[in-house]
Amino acid sequence: LVDDASSDGTLEIMQEYQNRFPSIVNVIALERNRGVDFARRQAIAASTGQYIAFLDSDDLWYPEHLCVSVEKLEATAVPMVYSDYNEGVSTQAFRKRKSPNEVTPNTISRVCPVGCLTVVLKREYLGKLDWVLLPARNDWAIWYHVITRSRLVAVNTQCCTAFRRIRNGSLSSGIRRKIFYTYRFHRLIPSHNVVLATLYTLLHM
């Protein structure tokens, strides 16, 4: 668990869980806010498991999420799996977000059709943590590196395993931010030229 210099008591709650489950919970407390990309990189670097899963502070996993995902990974030769998920302001008011059956290297270089909260990947495919730091679309950069480096596809578990809570002010909520960081992803990660980066940015909106 990585605390990105929160000020709402989150760190104390995390440390309580670490004290209760010291063998499985490791808390990393950052002295100042460094952003989601830096926090994720710290968590991945400190992890020791065979699989990597992602859960931001405003998202929820359903109880079966990890079991379903790991079973799919173990039954296939893919580097990464993801699932459908629900999205809304509360668990009582939401819509289902359907993801495609598979994501190829060509697909992930153009669009990001999967939810970060549903992804579970095999650590062996991460390689060096050398992707470009991005305040947003950082998860997309990780998927891109895993899928393109492995030259394999990622697949859908065909289950709905998580809930994404929509909140005002999130980095992914504003249209202008989405446009800016989507374009930035295309220019910095797949290194698309200006024309292609602009085209893919518009198609992604």
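Me: Is the crossing of H6 and H7 left-handed or right-handed?

Reply: The crossing of H6 and H7 is right-handed. A crossing gets that name if the near helix is turned clockwise from the far one by less than a right angle, and is left-handed if the turn is anticlockwise. The model is predicted: local features need pLDDT of at least 70, side-chain atom pairs count only at pLDDT 80 or more, and totals for chains, interfaces and linings use all residues. Residues are numbered from 1 along each chain as its sequence is written, and side-chain values use heavy atoms, with hydrogens and water left out.

Me: What makes H6 oblique to H7?

Reply: The axes of helix H6 (residues 175-188) and helix H7 (residues 194-204) cross at roughly 140° and come within 9 Å. That angle makes H6 oblique to H7, because under 35 degrees counts as roughly parallel, over 145 as roughly antiparallel, 65 to 115 as roughly perpendicular and the rest as oblique. The axes are lines fitted to C-alpha atoms, for helices over the stretch in contact, and the angles run from 0 to 180 degrees between N-to-C directions. Helices (H or I, at least four residues) and strands (E, at least two) are DSSP runs, numbered from the N terminus.

Me: Which residues in H6 and H7 meet?

Reply: From H6, Ile-179, Thr-182, Tyr-183, His-186 and Arg-187 meet Val-194, Ala-197, Thr-198, Tyr-200, Thr-201 and His-204 of H7. Contact means heavy atoms within 4.5 Å. The H6 and H7 contact has 5 nonpolar, 5 polar and 1 charged residues. The classes are nonpolar for Ala, Val, Leu, Ile, Met, Phe, Trp, Tyr, Cys and Pro, charged for Asp, Glu, Lys and Arg, and polar for the others, Gly among them.

Me: Why is H5 called roughly parallel to H6?

Reply: H5 and H6 pack at an angle of about 30°, and their axes are 10 Å apart. That value falls in the parallel range, which makes H5 roughly parallel to H6. H5 passes H6 in a right-handed crossing. Trp-140, Ala-141 and Tyr-144 in H5 meet Thr-182, Phe-185 and His-186 in H6. This contact divides into 4 nonpolar, 2 polar and no charged residues.

Me: Why is the pair of Phe-54 and Trp-143 edge-to-face?

Reply: The structure holds 6 aromatic pairs. The rings of Phe-54 and Trp-143 have their centres 5.1 Å apart and their planes at 75°, so this pair is edge-to-face. Rings of Phe, Tyr and Trp (its six-membered ring) pair if their centres lie within 6.5 Å; planes under 30 degrees apart count as stacked, over 60 as edge-to-face and the rest as tilted. Phe-54 sits in the loop between strand E3 (51-53) and strand E4 (59-61), and Trp-143 in helix H5 (residues 138-150), 89 residues apart. Phe-54 and Trp-143 are buried.

Me: What makes the pair of Tyr-144 and Phe-185 edge-to-face?

Reply: The planes of the Tyr-144 and Phe-185 rings are at 85° and their centres 6.2 Å apart, so the pair is edge-to-face. Tyr-144 lies in helix H5 and Phe-185 in helix H6, so the pair ties together parts that are 41 residues apart in sequence. Ring pairs also link Trp-140, Tyr-144 and Phe-185 into a cluster.

Me: Why is Tyr-144 called buried?

Reply: Tyr-144 has a relative accessible area of 14%, and buried means under 20%, exposed over 50%, partly exposed in between (1.4 Å probe, protein chains only). Phe-185 is buried too, at 0%. Val-68, in helix H3 (residues 65-75), is also buried, with 19%. Leaving aside neighbours within four places in sequence, Val-68 is in contact with Thr-157, Cys-159 and Thr-161.

Me: Why does Gln-158 count as partly exposed?

Reply: The relative accessibility of Gln-158 is 43%, so this residue counts as partly exposed. Gln-158 is found in strand E9 (residues 154-165), and its phi is near 70°, a positive value in a residue other than glycine. Arg-137, in the loop between strand E8 (120-122) and H5, has a positive phi as well, near 65°. Most residues other than glycine have a negative phi.

Me: What relative accessible area makes Pro-113 partly exposed?

Reply: Pro-113 has 26%, which makes this residue partly exposed. Pro-113 lies in the loop between helix H4 (105-108) and E8. Not counting residues up to four places away in sequence, Pro-113 touches Ser-99, Pro-100, Val-103, Thr-107 and Ile-108.
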